[in-house]
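Subject: Structure for you to look at

Hello,

I am passing on the structure we talked about, with the sequence alongside. My notes follow below it.

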Amino acid sequence: MNDLLRTYLEALPGSWLMDTGRYVVAASAMAAILALGGKALARRKLQSRRASGRDIRREILASLRSALVFALLGTIVIVGDRAGWMTLYKGFGQAGPLYFGVSLAAMLVVHDAYFYWTHRAMHHRRLFGLFHRTHHLSRTPTPWAAYAFAVPEAIVHGAFVPLFLLFVPMHVLALLAFVAIQIARNVMGHAGTEIHPRAFGPGHWLGWNNTTTHHDLHHEHGRYNYGLYFRWWDKLMETEHPDYRRKFEAVTQRVAP
Ligand SMILES: [Zn+2]
Ligand SMILES: [Zn+2]
């Protein structure tokens, strides 16, 4: 058997376990936080509508399928590294901690742009049905919706890491940190309850980040707020929900019933 094909097939089960595992761990952790959050979190629930058990089952099944798609694409990085098309390095011999930090930050900023523009493209009426309708079946998202994509949309998202690695060498741990941040931000965006401190609100010092309210408005209205980590693209392209600031302020100031 071809060497690269063998490398791919040997690495695939581990990648699948990692991609599935991080989804299950992150979504379960967020679901547990919401369940244990008591009144303090209950009063920050964003929609009066509740996701049904059927919604959650659909979100989980679609997310597990996406994790498989991510593994099929992500394993290309291991083959690419072996073949010399990509560089996934260990240790700090060639590049120091500064490169580690800069490459990780760059990966997040580039991913945010990639996500914004592919997301907006998938909202085009010609592409929406095939790519993005599945994700928007969750009108009231739960943490389990983090990877609830149709297969074509999962391919678009899963292609990012191999594409980025074609151009930018990454430390293995920086790549793992990226993946961890990505799933953490993703389940936070779909929590359905505003879990960010007020410092993340518009006008506050961390206000350039997205919050749960930000992405929840996207699900509730089916438009506005296309960004993933940061508000920059939505502000620049004037696609931010006009009510975002008011809603975030209102939900984070609510007092216990
Ligand atoms: Zn969307
Ligand atoms: Zn979403």
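This is a predicted model: local features need pLDDT of at least 70, side-chain atom pairs count only at pLDDT 80 or more; totals for chains, interfaces and linings use all residues.

I start in a loop: Asn225 sits between H10 and H11. Phi of Asn225 is positive, near 55°, and the residue is not a glycine. With 24 other C-beta atoms within 10 Å, Asn225 is buried; the cut-off for that class is 20 or more. Tyr224 is in the loop between helix H10 (212–221) and H11 as well, and has a positive phi of about 70° without being a glycine. Tyr224 has 17 C-beta neighbours inside 10 Å and therefore counts as partly exposed.

Pro242 belongs to the loop between helix H11 (232–236) and helix H12 (244–253). It has 9 C-beta neighbours inside 10 Å, so Pro242 is classed as exposed. Pro242 and Asn225 are 17 residues apart along the chain, and their C-alpha atoms are separated by 9.8 Å.

Confidence

The mean pLDDT of the protein is 94, and 98% of its residues reach 70 or more. Among the elements, helix H2 (residues 38–42) has the lowest mean pLDDT, at 85, and H7 has the highest, at 98.

Overall fold

The protein has twelve helices and two strands. In sequence order the pattern is α-α-α-β-α-α-α-α-α-β-α-α-α-α. The C-alpha trace spans about 65 × 40 × 40 Å along its principal axes. A compact globule of 257 residues would have a radius of gyration near 18 Å, and the protein has 19 Å, which agrees. Of the 257 residues, 34% count as buried. Among contacts with a separation of 6 or more, 73% are between residues 24 or more positions apart.

Nonpolar side chains tend to be buried together in soluble globular proteins. Here the largest nonpolar core has 35 residues, and Ala27, Ala146 and Val187 touch the most other members. Two or more residues each come from helix H1 (3–36), helix H3 (53–83), helix H4 (97–122), helix H7 (151–158), helix H8 (160–167) and helix H9 (172–189). H3 gives the most, with eight residues. Leaving out residues up to four places away in sequence, Ala27 touches Pro143, Trp144, Ala146 and Val187.

Helix H1

H1 has 34 residues and should span 50 Å at 1.5 Å a residue; its end C-alpha atoms are 49 Å apart, which agrees. The buried residues of H1 are Ser15, Asp19, Arg22, Tyr23, Ala26, Ala27 and Met30. An α-helix has 3.6 residues a turn, so residues three or four places apart point the same way. The buried residues of H1 pack against H3 and H9. After H1 comes Gly38, with a positive phi near 65°.

Helix H7

Which residues of H7 are buried? They are Glu153, Ala154, Val156, His157 and Gly158. The cover over these buried residues includes H3, H4, helix H5 (125–131), helix H6 (133–136) and H8.

Leu108 in helix H4

Leu108 is located in helix H4. Apart from neighbours within four places in sequence, Leu108 is in contact with Phe178, Ile181 and Tyr229. Ile56 is 52 residues from Leu108 in sequence, and the C-alpha atoms of the two are 28 Å apart in space.

Regards

Note on methods: Residues are numbered from 1 along each chain as its sequence is written. Chains are lettered from A and ligands numbered from 1 in the order in which they are written. Helices (H or I, at least four residues) and strands (E, at least two) are DSSP runs, numbered from the N terminus. The radius of gyration is taken over C-alpha atoms; the globule rule is 2.2 Å times the number of residues to the power 0.38. A residue is buried if 20 or more other C-beta atoms lie within 10 Å of its own, exposed if 12 or fewer, and partly exposed in between; C-beta atoms are placed from the backbone. Two residues are in contact if their C-beta atoms, placed from the backbone, lie within 7 Å. A nonpolar core is a set of buried Ala, Val, Leu, Ile, Met, Phe, Trp, Tyr and Cys residues joined through C-beta atoms within 7 Å. The expected span of a helix is 1.5 Å times one less than its number of residues. pLDDT is the predictor's confidence in each residue, from 0 to 100.
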